[in-house]
Amino acid sequence: MIYGYPESSSFCGSNSERNELYARQAYEVGKYLATQNIEVIYGGSNVGLMKAVADGAIANGGNVTGVLPGFLQKRELAHTSITELIYVETMHERKFKMNELADAAIALPGGYGTMEEYFEMLTWGAIRTSPQTGWLIKYQWFL
């Protein structure tokens, strides 16, 4: 359980060809965060596990803020059903903005980008440039 963190960044894959179990579990993470009144801060995408987390939160009355670099809008298709969508210029600005908006970071299945974003958040927390706390969510063999 995530107590005392009103906003949480989630980092996960945008690849829509992942294992269906991952998608179901990502949806459940979004649902859980919504039922605990924890706002979801995520990459703003309407595909893959990012979409599943956002959809789980939205379907359960949660607030969802997406942060999407403009150049990825065409590639990832921005999620239009979320509470707020913020456009930034670069991937680094995306991480910085998500860090600024969130109190905690959660990593779900993804690729190198997911791990890089998650560990940068934890590093910023470790050197006290942000209050980040982090959780890795393990599914089957992924982690």
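Colleague: Which residues is Tyr-42 in contact with, leaving aside its neighbours within four places in sequence?
Modeller: Tyr-42 is in contact (heavy atoms within 4.5 Å) with Ser-10, Met-50, Ala-54, Val-64, Thr-65, Gly-66, Val-67, His-79, Ile-82 and Met-98. This is a predicted model, in which local features need pLDDT of at least 70, side-chain atom pairs count only at pLDDT 80 or more, and totals for chains, interfaces and linings use all residues. Residues are numbered from 1 along each chain as its sequence is written, and side-chain values use heavy atoms, with hydrogens and water left out.

Colleague: Which residues of the largest nonpolar core touch the most other members?
Modeller: They are Val-40, Tyr-42, Val-64 and Leu-108, out of 19 residues in that core. A nonpolar core is a set of buried Ala, Val, Leu, Ile, Met, Phe, Trp, Tyr and Cys residues joined through side-chain atoms within 4.5 Å, and buried means under 20% relative accessible area (1.4 Å probe, protein chains only).

Colleague: And which helix gives the most to this core?
Modeller: Helix 2 does, with six residues; helices here are DSSP runs (H or I, at least four residues), numbered from the N terminus.

Colleague: Changing topic, how do the axes of helix 4 and helix 5 cross?
Modeller: The axes of helix 4 (residues 91–101) and helix 5 (residues 112–126) cross at roughly 50° and come within 11 Å. Axes are lines fitted to C-alpha atoms over the stretch in contact, with angles from 0 to 180 degrees between N-to-C directions.

Key:
Buried < 20%, exposed > 50% of the residue type's maximum accessible area, 1.4 Å probe, protein only. Helix = DSSP H or I, 4+ residues; strand = E, 2+ residues; numbered from the N terminus.
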